[in-house]
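Here is a short tour of a few local features, meant to be read with the structure open beside the text. Please turn the view as you go along.

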Amino acid sequence: MTIGFALCGSYCTYDRVFPVIEALSKENKVIPILSEAAYATDSRFGTAEHWKRKLEEICGCPPLHLISQVEPIGPKGLLDILVIAPCTGNTLSKLAHGIADDMLTTVVLAARCPKLVSPAMNTGMLENPITQDNLATLERYGFTVIPSESG
């Protein structure tokens with residue numbers, strides 16, 4: 001399978017996400033995709049360069065991060081599945097309302113493949129009725145939502 005694996009800027013979850021990417025890459029082609037924040041922001045959980053290097057080591061290719069790199073994914077049907085994990089509340093809300101105002105939301109909304117979303121946010125945000133409505137909206141439109149641990 002060819003798996004697109006898109007990461008948003010929920011850096012505190014990367015220690016749980018990267019082992020999943022590593023396991024998937026052993027038997028599949030994994031194409032890493034980083035949101036603008038994930039590509040450029042250093043945090044107390046590691047530098048952006050550290051995470052980019054680690055993704056390249058695991059996947060064998062540098063992470064995509066420009067609209068020109070991801071634009072062909074949808075029209076050419078390049079992925080068998082697209083995983084968005086961790087998916088921040090901001091990205092989740094944009095996707096639920098069809099807002100394609102950055103590279104990541106554009107590729108997700110344009111991709112012609114099954115989409116799996118794993119939200120990453122604190123308990124208050126995750127349990128908020130608006131967030132729950134957004135999750136239900138994504139499911140109605142065919143996204144698979146994988147429950148995440150909230151904190």
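In this predicted model, Thr91 has a relative accessible area of 7%. That is under the 20% cut-off for a buried residue, so Thr91 counts as buried. Thr91 belongs to helix 6, which runs over residues 89-96. Which residues does Thr91 contact, once its neighbours within four places in sequence are left aside? They are Cys8, Leu104 and Thr105.

Now let us move to helix 3. Its twelve residues, 48-59, reach 16 Å from the first C-alpha to the last, close to the 16 Å expected at 1.5 Å a residue. Buried within this helix are Ala48, Trp51, Lys52, Leu55, Ile58 and Cys59. Viewed down the axis of helix 3, these buried residues fall within an arc of 130 degrees, so they line one face of the helix. What do the buried residues of helix 3 pack against? The table lists their partners.

| Partner of the buried residues of helix 3 | Residues |
|---|---|
| Strand 1 | residues 2-7 |
| Helix 1 | residues 14-25 |
| Strand 2 | residues 29-34 |
| Helix 2 | residues 36-40 |

Two backbone details are worth a look as well. Gly60 follows helix 3, and its phi is positive, near 80 degrees. The other detail is in strand 3 (residues 81-87), where Pro86 is placed. The peptide bond leading from Ala85 to Pro86 is cis, and its omega is near -5 degrees. For context, most residues other than glycine have a negative phi, and most peptide bonds are trans.

How values were computed: Residues numbered from 1 in each chain as written. Predicted model: local features only at pLDDT ≥ 70, side-chain atom pairs only at ≥ 80, totals over all residues. Heavy atoms only, no water. Helix = DSSP H or I, 4+ residues; strand = E, 2+ residues; numbered from the N terminus. Expected span 1.5 Å × (residues − 1). Buried < 20%, exposed > 50% of the residue type's maximum accessible area, 1.4 Å probe, protein only. Arc of directions from axis to C-beta. Contact = heavy atoms within 4.5 Å.
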